[in-house]
Amino acid sequence: MKYDVIIVGGGIIGCSVAYYLSKRNQKVLLLEKRDHAQGSAGATDGVVSYHTKKPGAQMDLAVQSLKLYETLEKELGESVEFVPDCGGMQLAENKDQWDMLSKIADKQRESGVDIRMISIDEAREIEPQLAPDLYGVLYAPCGGKVEPIKLTMAFLHAAKRQGVEVKNHLGVTEIKKDSAGKVIGVVTEDGSFYEAPKVVISSGSWSAEVGKMAGLDLPIKPRRGQLLVTEAVGPFMHCTAQCALYNVIKFMPETIKDPKILHIGASLSIHQTENGGLLIGGTREWAGFDRFNSLEAVEAIAHRALRFFPALKNVSVIRAFAGLRPYTPDSKALIGGTKKVPGLYLAAGHEGDGIALAPITGKLLSEEIVDGRSSYSLEPFSPDRFS
Ligand SMILES: Cc1cc2nc3c(=O)[nH]c(=O)nc-3n(C[C@H](O)[C@H](O)[C@H](O)COP(=O)(O)OP(=O)(O)OC[C@H]3O[C@@H](n4cnc5c(N)ncnc54)[C@H](O)[C@@H]3O)c2cc1C
């Protein structure tokens, strides 16, 4: 069988790429080794915002992605529990953290967004459950939340309706090239050959392994995150919130000297889901592909949650899970073609931002694949920047 494009990996990113390519009338085959939300798309938070993004190109992508989110539910034709403009907060415990967040906010505002520093009293008018002894808060009134599994499946259903062929439980084992080194297709674990002049690697934390099949050495590795889920409670909070340590651990781990913090990278990220449960993260750990929960992390996450939201002491934790963020050394995803292997494209390495950036990744990459260039330059995300 011959296709225009073959996509390797059907998590939220692969499904988004498939959806946007099929909108452009491409004949697409999506190959998924397991099932669609068995990667990190099925073990994640659903924060869709830009106040957690690295200033610069990453932030620009988040702003554009949020714009796409506004009409996505209608476009895809099913509910993804998207809540627009619930707002986002980052919580400072002391003046040092306030100064650090203020500096990040100054840079983030260069992308034309409304991000302000507000007092704890102002913040408690928005979120009354916040601990009163906090120093202050970074507040972004825009930004929302979504149910990531529902969004992954909604992209998949819409892509299928638009003609994308999907094969689950069929991993890719080889990427084939011609004598000039150009991509000609893939071989799957049952030995079948599928032909296409263009192949997209969207295999999340497994992208380095898949990249090797084409002779690439990609610096993507799994960074484990553990999360707690509470019982459903009445309306508890409206915003999504993180503690100030969240961005530091995410973007600047080298600045942290405390070995206890570095060990599991525990910082708070919390929001309430549509069914009333609270999703409370998280950690950033190097644990290979291990997706187990540890008691140490569960305790650390619960402690941080209580520090910022004391009323949680009466709420039961009912479940814990862990997922793998596809980490890159500069906290930016790899999106676009590579000069090393003509016909090969990357949409991988979104670390903790893949849910927020899924729509814009699919849109811009489909433009590059079909038109040869995208409406926003993908240069900062070039897979070749590490060579
Ligand atoms: C604890 C935690 C909290 C997070 N919170 C947020 C958040 O609030 N907001 C946000 O934006 N992001 C968040 N993220 C990040 C987000 O979940 C990821 O960036 C995103 O899910 C990555 O999607 P993906 O499609 O690239 O990877 P995955 O969902 O992992 O999909 C990759 C797929 O490729 C498949 N695959 C692998 N090898 C092969 C092969 N050889 N052949 C075929 N298929 C293959 C896998 O089976 C898998 O299904 C969080 C992540 C974690 C772990």
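**Close-up views of the predicted model**

View 1. The model is predicted: local features require pLDDT of at least 70 and side-chain atom pairs count only at pLDDT 80 or more, whereas totals for chains, interfaces and linings use all residues. Residues are numbered from 1 along each chain as its sequence is written. Helices (H or I, at least four residues) and strands (E, at least two) are DSSP runs, numbered from the N terminus. The ligand is surrounded by 44 residues, the closest being Gly11, Gly39, Gly204, Gly225 and Gly354; a residue counts as near if its C-beta atom, placed from the backbone, lies within 6 Å. Two or more residues of the shell come from each of helix 1 (12-23), strand 13 (221-230), strand 17 (317-327) and helix 10. The shell comprises 16 nonpolar, 21 polar and seven charged residues (nonpolar: Ala, Val, Leu, Ile, Met, Phe, Trp, Tyr, Cys and Pro; charged: Asp, Glu, Lys and Arg; polar: the others, Gly among them).

**View 2. The two domains.** The assignment gives domain 1 (5-45 + 149-219 + 330-386) and domain 2 (88-141 + 221-327), with bounds from an automatic or database domain assignment. Their centres, taken over C-alpha atoms, are separated by 30 Å. In the interface, 14 residues of domain 1 contact 16 residues of domain 2 (contact: C-beta atoms, placed from the backbone, within 7 Å). The side of domain 1 that touches domain 2 has three nonpolar, nine polar and two charged residues. Each domain supplies at least three residues to the shell around the ligand.

**View 3. The crossing of helix 2 and helix 10.** The axes of helix 2 (residues 57-76) and helix 10 (residues 354-371) come within 7 Å and cross at roughly 90°; helix 2 is therefore roughly perpendicular to helix 10. Axes are lines fitted to C-alpha atoms, for helices over the stretch in contact, with angles from 0 to 180 degrees between N-to-C directions; 65 to 115 degrees counts as roughly perpendicular. Among the contact residues are Leu61, Leu68 and Leu72 of helix 2 and Leu357 and Ile360 of helix 10.

View 4. Strand 9 (residues 172-177) runs antiparallel to strand 10 (residues 183-188), joined by five bridges (pairing requires at least two DSSP bridges). Glu174 has Val187 of strand 10 as its bridge partner, and Gly181 in this hairpin takes a positive phi near 90°. Three bridges join strand 10 to the antiparallel strand 11 (residues 193-195), where Tyr194 stands opposite Val186.

Notes. Parallel < 35°, antiparallel > 145°, perpendicular 65-115°, else oblique. Contact = placed C-beta atoms within 7 Å.
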